[in-house]
Amino acid sequence: MTISKLSTFTGLAVILGASGAFADCGIASGRVAILSNDFPALQAMAAGAAECASATVSVTANQTTEHRDIQVAALTANPAEYTAAVVANSSIVPLMNEGLIRPLDDLIAQYAPDLPQLNKITIDGKVMAVAFMANAQHLFVRDDLLAQVGASAPATYEEVLDILGKLRAAGAVDHPFAMNTAAGWNLGEEFVNMYLGHGGELFAAGSAAPAINNETGIATLEMLAALNEYANPDFLTFDSNATQALWESGELAIAYMWGSRGGAILDDQNSTPEITGNTSLIAAPTVGGGALPASTLWWDGFTIAANISDEDAAATFQALMHGLRPEVITANNNAAVWLMEGYTPGAPAAGVAATANAGARPYPMLPYVGLMHTALGNELAQFMQGQESAEQALADVEAAYIAAAREQGFLQ
Amino acid sequence: MPHRTFLWFILPSLTAMILFIALPIVSVVVQSLFVEHEQVLVTVENCGPFGCTEETRIDREATAALREAQPLGRFNGLGTYFNRSHLATAELSAAWQESETIGAFLGQVMNLPFYKALVFTLSFTFIVTPLVLVLGLAIALGVNGLPRLLRGPTIFFSLLPMIVTPLIGSLVLFWMIDAQGVIGATLQRVFDDPNLSLKASPVLTWVTLFVYGVWHSAPFAFIVFYAGLQTVPAETLEAAMIDGATRWQRIRYVVIPHLMPLAVFITLMQLMDNFRVFEPIVGFQAQASATSLSYLIYSHLRGDVQQFGSAAATSVLTIIGVAILLTPVLIRTWRDFNRKRV
């Protein structure tokens with residue numbers, strides 16, 4: 001289902017019961033402990049859930065950008081340190097692999113029978129997570145700078161390159177382009193996006209065998225290198241914070257960044273009205289004649305620990321749904337591309353919605369995709385620096401992945 | 001001291017050492033010999049906000065049964081040590097046979113993660129350590145020559161780089177050397193090259209990390225040498241002066257021999273510290289150009305999948321590396337000790 005269908009859906013949805021007037025949320029007793037990433041949308045959710053705290057209900061939240069590194073250990077304990085973990089496509093996999101999260105079907109039937117199918121992350125027939133927001137990388141463009149060279153918003157990466165060439169020739173900006181290419185996870189993600197945009201598959205069908213060392217992989221790397229010709233030479237250190245700062249300082253004309261940064265980029269802080277007023281959020285472009293945008297769709301959702309009592313699980317589910325009730329969503333409308341009722345898609349959501357509507361694929365939820373992502377992030381930097389060939393870089397990725405996958409038991 | 005008393009005397013520290021140093025090392029060694037169980041995969045249908053897809057998933061019951069039978073995982077012997085992420089013996093011999101020249105072979109070797117990290121770690125250790133010694137001694141001699149009133153404030157400011165947390169210190173410098181930072185922009189202007197970037201070129205990144213390493217560690221050498229300078233015997237110095245020794249000769253023949261044991265101590269500490277260089281790589285986001293052994297361990301353990309076997313093997317190799325590095329210094333100390341006893 002796409003975001004536009006979602007907004008119609010939420011528009012029609014009937015608000016049932018979740019009025020928020022009951023400070024106790026109707027929870028008799030229990031422990032609610034949330035582990036999540038740390039950004040404004042999740043802070044709003046946790047604050048909403050914290051309203052459920054009472055003499056018999058404790059609500060705590062650990063919000064940290066390092067949540068992925070502690071979630072497995074924290075939920076392995078019995079009873080688990082946290083009753084809920086907020087995860088995304090990729091970070092739910094280790095929890096699933098270890099069986100640390102419980103199916104939510106019973107809780108949904110009891111406490112949120114009207115939850116749309118859209119929000120249910122169903123794995124092998126069981127709902128394992130409730131997705132509440134979406135994210136994707138897409139293009140941010142400066143309409144005024146593009147107009148200077150007579151260009152309109154690009155729909156393909158080939159057009160992007162063409163515009164960047166014109167911008168450089170016109171001398172408007174020194175380094176008109178940026179994407180999140182910091183060596184490591186970010187660089188790996190850019191490869192995955194561009195590779196899926198070329199129509200590639202990361203793995204041989206139905207197995208953990210890598211399938212990236214091919215023509216599509218080379219085309220992907222060549223496109224990444226061609227784009228970063230137009231980036232600041234520091235590009236291998238660019239994470240989301242760096243690219244956002246560059247955009248807000250007005251040094252970029254076209255950037256490929258996370259949709260979740262849209263709200264912060266379009267607000268009136270750290271930038272000037274000339275820059276924010278001319279910033280458009282548009283879909284991720286297609287590449288190499290492909291039909292689908294070169295991007296992956298991500299969801300954020302909550303899971304509930306397996307190693308806790310049913311009472312705590314019920315309390316946690318209710319508190320989190322309370323933290324995601326329409327009033328909270330409406331009050332924090334621009335903090336994220338919400339998948340919950342109460343959300344009115346605004347300007348910051350335009351890019352993600354356009355990317356999703358154009359049919360971008362979700363980031364794969366495979367048990368071994370994390371190993372591939374790590375190998376890509378570690379092994380592609382030398383190619384991006386121009387120190388090795390695309391063929392060699394892909395062979396390195398393949399070898400690094402195979403070594404890791406053997407060690408983890410995915411390959412023999 | 002009778003043996004019995006001695007035993008009781010060291011028992012608390014011995015217990016702590018066994019519990020917190022020896023046992024963890026044993027556990028790491030054991031862990032490095034095992035790899036994860038074969039994962040039993042099944043294909044299931046996953047559905048989410050963006051539609052349904054057929055994806056593979058780990059069959060948890062089957063995997064749990066395997067794990068129950070062998071909790072440590074599959075025994076892999078030294079397999080992990082020799083795979084591509086570590087010593088990469090197969091890749092090395094293939095590279096040796098394929099490469100025409102030594103240069104091509106070395107290029108292939110530097111393409112392997114372990115050797116790439118090892119080369120940077122060793123370069124860092126052997127470039128930073130001597131510079132720290134020399135710079136520390138120079139600062140100590142300089143401060144010692146200052147009027148008493150100025151010494152206190154000077155010592156305080158000289159110590160600042162060591163007081164700053166390594167990660168914070170490197171982050172501060174990271175932003176200063178940014179193309180828009182005060183150092184980065186000045187360098188671009190001085191060399192008249194708008195594309196000059198300390199973060200982009202591997203060579204300049206290495207140089208930046210070395211400079212940071214010296215900046216961070218020199219105060220340690222300085223304060224140790226400065227303390228040592230206070231104990232240089234005044235009579236010997238006066239005698240040297242009467243013999244007509246210049247300032248340089250007094251330093252070379254009186255002060256430096258007197259400070260030698262301290263130099264050995266600082267070398268020992270610096271070799272160990274620099275061999276486990278880590279924070280500046282994170283702080284400078286330098287992993288594209290420079291990785292160290294400690295960084296490899298960190299990267300094995302981070303992210304969605306933790307590779308405990310790989311991390312353990314790299315840890316054991318690091319311990320072996322430290323042992324090899326320290327052996328010459330320890331042998332020297334042991335000889336000195338024996339000579340003094342006689």
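In β2(B), C47(B) is the bridge partner of T122(A). The model is predicted. The two strands involved, β4 (residues 120–123) of chain A and β2(B), pair in the antiparallel sense over two bridges.

The contact between the chains draws 42 residues from chain B and 54 residues from chain A. On the side of chain B that touches chain A, the elements giving two or more residues are β2 (41–48), β3 (51–58) and α15 (308–341) of chain B. Of these, β2(B) gives the most, with six residues. The class counts for this side of chain B are tabulated below.

| Class | Residues on the side of chain B that touches chain A |
|---|---|
| Nonpolar | 13 residues |
| Polar | 19 residues |

Two packed helices are described by the angle between their axes and the distance between the axes. Helix α6 (residues 113–144) of chain B packs with helix α14 (residues 293–301) of chain B at an angle of about 140°, and their axes are 8 Å apart. Angles over 145 degrees count as roughly antiparallel and those from 65 to 115 as roughly perpendicular, and α6(B) and α14(B) are therefore oblique to each other. On α6(B), the contact is made by P113(B), A117(B), L118(B) and T121(B); on α14(B), by L293(B), Y295(B) and L296(B). By class, the residues of this contact of α6(B) with α14(B) are six nonpolar, one polar and no charged.

Conventions
Residues are numbered from 1 along each chain as its sequence is written. Chains are lettered from A and ligands numbered from 1 in the order in which they are written. This is a predicted model: local features need pLDDT of at least 70, side-chain atom pairs count only at pLDDT 80 or more; totals for chains, interfaces and linings use all residues. Axes are lines fitted to C-alpha atoms, for helices over the stretch in contact, and angles run from 0 to 180 degrees between N-to-C directions. Helices (H or I, at least four residues) and strands (E, at least two) are DSSP runs, numbered from the N terminus. Angles under 35 degrees count as roughly parallel, over 145 as roughly antiparallel, 65 to 115 as roughly perpendicular and the rest as oblique. Two residues are in contact if their C-beta atoms, placed from the backbone, lie within 7 Å. Ala, Val, Leu, Ile, Met, Phe, Trp, Tyr, Cys and Pro count as nonpolar, Asp, Glu, Lys and Arg as charged, and the others, Gly among them, as polar. Two strands pair if DSSP finds at least two bridges between them.
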